[in-house]
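Subject: A structure for you to look at

Hi there,

Here is the structure I promised to pass on.

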Amino acid sequence: MMVVMKEDATKKEIDHVIEKLEGAGLRAHISKGEFKTVIGVIGDREKIQNLPMEVVPGVESVIPIQKPYKFVSREFRHEDTVIDVGGRKVGGDYFAVMAGPCSVETQEQMSEAAEGVDKEGAAFLRGGAFKPRTSPYSFQGLGEEGLKMLAKAKEETGLPIVTEVLDVRDMDVVAEYADILQIGTRNMQNYILLLEAGRTGKPVILKRGFGSTVDELLMSAEYIVKGGSSQIILCERGIRTFEPSARTTLDLTAVPILKNLTHLPVIVDPSHATGKAGLVTPMSLGALAVGADGILVEVHPNPEEALCDGPQSLDIASFGALMEKIRPIAATLGKKIS
Ligand code: PEP
Ligand code: MN
């Protein structure tokens, strides 16, 4: 249930509502909007239904929520959430392009990638310092040394950093360098990691598990809110189906479905979804066309030499060509490039 307070509700009235809910053994989650305060109620369904909140002073309306997730639902917040990272926006009317290599390899590689994607119009720089590799014998990333390289590339270009956190033990160090924390597909249901990512208060990109449903993705996002951050960007990155011709099947249907169910921005990762550089451009344009709020694309200055995911990485020139195709389509759809 959500308790919507009147526009002119006083602090005393809001506190009284919270006291009443807590007195009934329920928990209150406060969301202060520009005009109204909305109080989400968590707890036993029966207890919630028995509370006559409509008659409490300052309360405008009470809205029941049928879905298993609450705070990320459109019912809780009607307007799109727009996440502002140092003036670069994700959500609403914006299309955010996040680009960079799969993993941070050397300072030269990172600086060259950052300069290239910045010049071609990316708004964010991606790069993994902690890598979740399927094989434990593959390159695992440079760790904090890699984060420092990202920081230098940010200093050189001004591009905010998107980087993955794999483990709660690394949360503080990753959060120190990251402008947006990324939770990968394999960790979508690592609930402790989600709570800890929320605790940092940083924006979080939550990738859909390749074997997870849309509802499960939203429940995971709810954990991040529970942890303490509601700045969440959902990312469709392909799911496993019987079809082997691409790495996974990019579920573009999930984009408009999610945009209906949640106020959170939804982006698409065409690189990990397809595993093939040649499919990245068509699927990026598809993502834009179906209403995604951005893309997360792997770009490497020299894909042939990449230590990780070379076959799906665009070089700088192909990324530039992709941006050229994105601009007129975004303009037609009324989306501004972040
Ligand atoms: C990544 O973006 O670096 C990554 C590993 O993606 P995913 O978690 O979607 O496989
Ligand atoms: Mn990768």
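Before we start, one definition: Ala, Val, Leu, Ile, Met, Phe, Trp, Tyr, Cys and Pro count as nonpolar, Asp, Glu, Lys and Arg as charged, and the others, Gly among them, as polar. Please also keep in mind that this is a predicted model.

With those classes in hand, take the second largest pocket. Its lining residues split into eight nonpolar, three polar and four charged. There are 15 lining residues in total, and Met1, Arg45, Ile48, Gln49 and Ile65 are the ones nearest the centre of this pocket. Helix 2, residues 45-49, contributes the most to the lining, with three residues. The space in the second largest pocket comes to about 310 Å³.

Now for the overall layout. The protein chain is divided into domain 1 (2-63) and domain 2 (83-337). The centres of domain 1 and domain 2, taken over C-alpha atoms, are 36 Å apart.

That brings us to the largest pocket, which has a volume of about 590 Å³. Where does the largest pocket lie? Domain 1 and domain 2 both give residues to its lining, so the largest pocket lies between them. The lining is made up of 26 residues, and Ser31, Lys32, Gly33, Arg77 and Glu79 lie nearest the centre of the largest pocket. By class, the lining has nine nonpolar, 10 polar and seven charged residues. Strand 2 (27-32) and strand 5 (83-85) each supply at least two residues of this lining. Strand 2 gives the most, with four residues.

Finally, have a look at ligand 1. Around ligand 1 you will find Arg126, Lys131, Pro132, Glu164, Gln182, Gly184, Thr185, Arg186, Lys207, Arg237 and His272. This shell divides into one nonpolar, four polar and six charged residues.

- Arg237: an N or O atom in its side chain is 2.6 Å from an oxygen atom of ligand 1.
- Gln182: a polar atom of its side chain lies 2.8 Å from an oxygen atom of ligand 1.
- Thr185: here a polar backbone atom is 2.8 Å from an oxygen atom of ligand 1.

How much of ligand 1 does the protein bury? Taken alone, ligand 1 exposes 300 Å², and the protein buries 96% of that.

Enjoy exploring, and write back whenever you like.

Best wishes

Note on methods. Residues numbered from 1 in each chain as written. Chains lettered and ligands numbered in written order. Predicted model: local features only at pLDDT ≥ 70, side-chain atom pairs only at ≥ 80, totals over all residues. Heavy atoms only, no water. 1 Å grid on protein atoms, 1.4 Å probe; cavity = no way out; pocket = protein on both sides within 12 Å on 5 of 7 lines; lining within 4 Å. Points joined across faces, edges and corners; volume = space filled by probe spheres on them. Domains from an automatic or database assignment. Near = heavy atom within 4 Å. Polar contact = N/O pair within 3.5 Å; in protein donor to acceptor, adjacent residues only side chain to side chain. Areas by Shrake-Rupley, 256 points an atom, 1.4 Å probe, with all protein chains shown as cover.
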